[in-house]
Amino acid sequence: MITYPFQYKRAGSISEAVALLAEGGKALSGGHSLIPSMKLRLNAPDALVDVGRIAELKGIRLDGNELVIGAGSTHGDIASSGLVQQHVPMFAEGAGHIGDPAVRNRGTIGGSLAHADPSADWPAMVLAADATIVVEGPSGSRSIKATDFFTSMFETALAADELITEVRVPVENGARMTYQKFSQPASRYAIVGCAVVKSADGKVRVAFSGVSDTPFRDTAVEEQLNSGQSATSVASGVSVMSDHYASEEYRRHLANVFLKRALNAVA
Amino acid sequence: MQTATLPTPVTQPRSAPPEPVGTGVRSFSLTINGAEYELNVAPWTTLLDALREYLDLTGTKKGCDHGQCGACTVLVDGKRINSCLTLAVMHEDHQITTIEGLADAQTGDLHPVQQAFIDHDAFQCGYCTPGQICSAVGMINEGRVKTDADIRELMSGNICRCGAYPHIVDAIRDVMQLNPTAQ
Ligand SMILES: Cc1cc2nc3c(=O)[nH]c(=O)nc-3n(C[C@H](O)[C@H](O)[C@H](O)COP(=O)(O)OP(=O)(O)OC[C@H]3O[C@@H](n4cnc5c(N)ncnc54)[C@H](O)[C@@H]3O)c2cc1C
Ligand code: FES
Ligand code: FES
């Protein structure tokens, strides 16, 4: 039960959603992070703009050498998409392990990215895939590199009146990729999630969810691996989280273990 | 074969629902188990609260109210969802199926999954059961299950505090006519 009032507005198109967001309030997509946070009173927007019926936000397509995923695609849509399985298989693999089937039937990639939970799975995947997040606001649309998108815990480069419309993922011929996570056994959120993309030339990109309060590309480890050294500096220079699921020391250990598993999977 | 008496759609619940707080009550209708229901509720009413508190469809249970237990699972356009994490007003024009709507409306015969839960004694207290059954029906529609391990993984969103899991798996395997030793 949500115990305080708010207005409900339903947007039929991206432009309508942007206009409604300009009046205040928050976008409502699958509701699977927003509604629980409102029940806990961690969030109390005066208005919700339901973007769940906007056809333009749905759908997955190829555009040149990019796979374009509508922000309103559910985790389930992405896990079962033939295009995703073929071109960015890590996304299908990762999406298929988010929460449980009922969560995957409602939760969306756009909602997850905007929410930027430090333990969410999408952030590591979009970072390692070198994806771009396309957003629409009152002054038009702009593209934000995943590496510039996550700014801190639950904070992103998205402005309050902007809507994520799509995620564009470069399709690399011959690349191998994987997402490996150590999940919290009840919710399946990542205690540690490691995404690795290995290009055809053997160079790797590595990103982590769950490790720090902000998901990150581990460029220090990438440099080591890409110059033929072994990965000794996992999560160096970032503050590693410590909570009742895993201490800082254990998380750091897990980050090393899950990087090894990911590297083996793309070997 | 057991038969069930289907509840007739009610527009007036037995007990007075909580008064919506604040302004902005909305009037809309929901299609539940093939019947139209008129609702006058505040937009912050979840689908679960609408079913239980306003429409007297109390078969759907509230366990955690946070998407974690699956007791509130219903089918929306054939897909299983947690009714506690969605607003009723978001589901205008959708086909909602609750546990009350699974039995055959003409004959009253139970849905095969309901019957299998009885045959296999797949519950103890029964609190999780409507959610387990709706979730199993949704899972069967998804068409991805081949083994017991698939059943356990794809039913992982439905928690049973009594631990009736082995019989739940038996019931679902039976309905799907799967080979218990399939790997
Ligand atoms: C039981 C349970 C288990 C879960 N397990 C996992 C897990 O294992 N891994 C994981 O990663 N996640 C997990 N989640 C979270 C789930 O994936 C959420 O669905 C997701 O994080 C948010 O997506 P949503 O569409 O539901 O967004 P909403 O809840 O609707 O919105 C979340 C936030 O994003 C904003 N927003 C939504 N859409 C847009 C948009 N297009 N543009 C701009 N802002 C937008 C909203 O305003 C809000 O601030 C779990 C959730 C539950 C309830
Ligand atoms: S009551 Fe909805 S999942 Fe627990
Ligand atoms: S039968 Fe009691 S919770 Fe499942």
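This is a predicted model: local features need pLDDT of at least 70, side-chain atom pairs count only at pLDDT 80 or more; totals for chains, interfaces and linings use all residues.

Mentor: Ligand 1 lies between chains A and B, and 36 residues surround ligand 1, the closest being A:Gly30, A:Gly99, A:Gly107, A:Gly111 and B:Gly67. From chain A, E2, helix H2 (34–39), helix H6 (101–106), helix H7 (109–115) and E10 each supply at least two residues of this shell, and the largest share, five residues, comes from H7(A). By class, the shell around ligand 1 holds 16 nonpolar, 15 polar and five charged residues.

As for the two chains themselves, 27 residues of chain B are in contact with 21 residues of chain A. On the side of chain B that touches chain A, strand E4 (79–82) and helix H3 (129–142) of chain B each supply at least two residues, with the largest share, four residues, coming from E4(B); the residues of that side divide into eleven nonpolar, twelve polar and four charged.

Turning to helix H1 (residues 14–22) of chain A, A:Ala17, A:Val18, A:Leu20 and A:Leu21 are buried. They cover an arc of only 165° around the axis, and therefore lie on the same side of H1(A). The buried residues of H1(A) pack against several strands of chain A, among them strand E2 (26–28) and strand E10 (163–170), and E2 and E10 of chain A also each supply at least two residues of the shell around ligand 1. Just after H1(A), A:Gly24 takes a positive phi of about 115°.

Key: Residues are numbered from 1 along each chain as its sequence is written. Chains are lettered from A and ligands numbered from 1 in the order in which they are written. Two residues are in contact if their C-beta atoms, placed from the backbone, lie within 7 Å. Ala, Val, Leu, Ile, Met, Phe, Trp, Tyr, Cys and Pro count as nonpolar, Asp, Glu, Lys and Arg as charged, and the others, Gly among them, as polar. A residue is buried if 20 or more other C-beta atoms lie within 10 Å of its own, exposed if 12 or fewer, and partly exposed in between; C-beta atoms are placed from the backbone. The arc is that of the directions from the helix axis to the C-beta atoms. A residue is near a molecule or strand if its C-beta atom, placed from the backbone, lies within 6 Å of it.
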